[in-house]
Amino acid sequence: MSFPTSTVYGPVKSWRFGQSLGIDPIFHISTCSFNCVYCQLGAIQNISREYKEYVSTEQVVHDFEEVLKRGEKIDVITYSGSGEPTLASNLGAIIQAIRAKTPHLPQYILTNATELGSKKVQQALRLLDKVIVKVDAANEEVFQKVNRPAPGVTLHSVLENIQAFKHSYDGEIEVQTMLMPMNSKGLMVDLAKILKHIGPSAVQMNTPKRPYPLEWQRENRGNHEGIFHCEVRQIKGISEAEAKLYLEELRHLTGLPILSVYH
Ligand code: SF4
């Protein structure tokens, strides 16, 4: 098995966005301000909110140019990778460099929103076409159980950050929600209140379809096939029937477009 040495991975097929080319501004070890129970990276090695340059802009641009040479179909650029991309202090510079090389490609980010209150992060994310924020919990207890954040991070602080960001951003905000039995049963009314307050253009409702790898391997970035070269643990997701019920309930309660991985 070869160990990926590029900060750019894919393109991988996304059920929402087509052929998505991933950019990983974290890269060296998994670093995130969350440690979600279902994370495809496995247990996060560095649970942190440290804002710094993790990998140089030059390296990312070089890796991006190498991928472009392959001439594959790319529909969208997505910032994600080995952790929380907004922890990278050079994210804005990377976005600008990639925009200059491929101005026709939309650029999105997947973020857990812990840093969206920062002016520097807001400035970088304003360069993007779409910001997809993670909201998995309807209350603080569930948040701590599912997202297992860095010390001091609360659901309240994350939701406040999203509001602060919303006021500074003209692009589209979507919400991504990972539903499992532990964060869904009896919680739709509270979740709907949160979603309504955020007011995203759409909500993507997912459920874990891949097992949880027990160790970090870089190839787990964008691993949509769920094939891991290490020990894994199965994560209990919600069934298609439950997803349909929740989808209808959330649509009814929020009036928002709710999209499910099952439909
Ligand atoms: S926020 Fe994303 S990268 Fe971080 S632990 Fe959760 S799923 Fe993994």
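## A helical pair to start with

Which side chains meet in a salt bridge at 3.5 Å, N to O? In this predicted model, Glu-248 and Lys-244 do. These two sit four residues apart in helix H8 (residues 240-254), so about one helical turn separates them. Neither end is hidden away: Glu-248 is partly exposed at 40% relative accessibility, and Lys-244 is partly exposed with a relative accessible area of 43%.

Elsewhere, salt bridges with shared partners tie Arg-16, Lys-130, Glu-172 and Glu-174 into one network. A search of the whole structure turns up twelve salt bridges.

Lys-130 belongs to strand S7 (residues 130-134) and is buried, because its relative accessible area is 7%, under the 20% cut-off. Its side chain has polar contacts with the side chains of Glu-172, at 3.4 Å, and Glu-174, at 2.8 Å.

With Glu-172, Lys-130 also forms a salt bridge, with the closest N and O atoms 3.4 Å apart. That pair links distant parts of the chain, since Glu-172 lies in strand S8 (residues 172-178), 42 residues from Lys-130. Glu-172 is partly exposed, at 35% relative accessible area.

## Another one-turn pair

Glu-141 and Lys-145 join their side chains in a salt bridge at 3.6 Å, N to O. Both are in helix H4 (residues 140-146), four residues or about one turn apart. Here Glu-141 is exposed, with a relative accessible area of 55%.

Conventions
Residues numbered from 1 in each chain as written. Predicted model: local features only at pLDDT ≥ 70, side-chain atom pairs only at ≥ 80, totals over all residues. Heavy atoms only, no water. Buried < 20%, exposed > 50% of the residue type's maximum accessible area, 1.4 Å probe, protein only. Polar contact = N/O pair within 3.5 Å; in protein donor to acceptor, adjacent residues only side chain to side chain. Salt bridge = Lys/Arg side-chain N within 4 Å of Asp/Glu carboxyl O.
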